[in-house]
Amino acid sequence: TTQKQLVQSEKEAVYGRMTSLVRHEIRNSLGSIRSPAEIVQRNFQKDDPLKMKEHPEMIIREMGRIIIGVEKLNDMVENELSFFKNTNFHFEENDLSEIINSSLNNVETDIQERNIDVSVEIDPNLPLLFVDADRLRIAFTNLIKNACQAMSKGGELRIEAEYIPVRGKRARRQEGKRARGQEGKRARGKR
C-alpha cells in the first residue's frame, strides 16, 4: 500500500508540474495571437493612423502572426499534451540528424524572431538509434523552444552529438566516470 501511495503521489506531482507548464505555454501562445489582433483593432478604432487601408500588406503580416500563433498552440496541444495519452512507443532505427533538423524546423520562427545563431554538429560515425522518433522529436523541440525563450535578445544555440564507442561493462563505467568528471569541471569553471 505504501508503494502504491508513493507511486500515486509521484504521478500527482508530475501532473502538477505538467499542468503548470501547459498553462504557461498556452498563455504565451494566446499572447502571441492577441498582440497582432489588438494592433489591427486599435488601428481602426483610432481612424487608421498606421494607414493599414492603404497598406493591406500590414494587415496580412499581422494576420500571418495570428495564424502562426494558432499553429503553435495547435502543435502544443497535439505534441506536448500527448504526454497524457496512453499510447504505445514506436521504436525503430532513426537518424539523429534528421530528428534534430525536424525539431529545428518546428521552432524556426522562434529562432528567427529572437535572432539566434544555430550550429549543429553531428558525428558522421554516429550509428542509427533505436528510438521512437516522434517522442524524441517532441523532446528536442521542447528543449530548443526553452533555449530560445532563454535567449530573448539573441544568442547562440549549439547542438552537438558525438559517437564514443564503448565496449564492455568496465569501459562503460570508466566512460561514465569521465563524463561525470567533465561535467563537474564545466560547472566549476562557469562560477
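Helices are DSSP runs of H or I with at least four residues and strands are runs of E with at least two, both numbered from the N terminus. This is a predicted model, in which local features need pLDDT of at least 70 and side-chain atom pairs count only at pLDDT 80 or more, while totals for chains, interfaces and linings use all residues. Residues are numbered from 1 along each chain as its sequence is written, and side-chain values use heavy atoms, with hydrogens and water left out.

Q: In which loop does Lys51 lie, and what is its phi?
A: Lys51 is placed in the loop between α1 and α2. Lys51 is not a glycine, yet its phi is positive, at about 55°.

Q: Is Lys51 buried, partly exposed or exposed?
A: Buried means under 20% relative accessible area, exposed means over 50%, and partly exposed lies in between (1.4 Å probe, protein chains only). The relative accessible area of Lys51 is 41%, so Lys51 is partly exposed.

Q: Why does Asp48 count as buried?
A: Asp48 is placed in the loop between α1 and α2. Its phi is near 60°, a positive value in a residue other than glycine. Asp48 counts as buried because its relative accessibility is 9%.

Q: Which pattern do the helices and strands follow along the sequence?
A: The chain contains 6 helices and 4 strands. Taken in sequence order, they give the pattern α-α-β-α-α-β-β-α-β-α.

Q: What share of the residues of the chain counts as buried?
A: The chain has 191 residues. Among them, the share that counts as buried is 23%.

Q: What share of the contacts between residues at least 6 apart in sequence joins residues at least 24 apart?
A: A contact means heavy atoms within 4.5 Å. Among contacts in the chain between residues at least 6 apart, the share that joins residues at least 24 apart is 79%.

Q: Which residues does Ile39 contact, leaving aside its neighbours within four places in sequence?
A: Ile39 belongs to helix α1 and is partly exposed at 31% relative accessibility. With its neighbours within four places left aside, Ile39 is in contact with Leu50, Met52, Glu62 and Arg65.

Q: What distance separates the C-alpha atoms of Ile39 and Ile59?
A: Ile39 and Ile59 are 20 residues apart along the chain. Their C-alpha atoms are separated by 9.3 Å.

Q: How far apart in space are Ile122 and Ala161, C-alpha to C-alpha?
A: Ile122 sits in strand β2. Not counting residues up to four places away in sequence, it touches Ser97, Ile100 and Ala161. Ile122 and Ala161 are 39 residues apart in sequence, and from C-alpha to C-alpha their distance in space is 4.8 Å.

Q: Why is Ile122 partly exposed?
A: The residue is in strand β2. Ile122 is partly exposed because its relative accessible area is 21%.

Q: Which residues does Asp123 contact, leaving aside its neighbours within four places in sequence?
A: Asp123 is found in the loop between β2 (116-122) and β3 (129-131). Leaving aside the neighbours within four places, the residues in contact with Asp123 are Ala161, Glu162 and Tyr163.

Q: Which residues does Thr141 touch, not counting those up to four places away in sequence?
A: Thr141 is part of helix α5, and it is buried, with a relative accessible area of 8%. Residues up to four places away not being counted, Thr141 touches Ser103, Asn106 and Val107.
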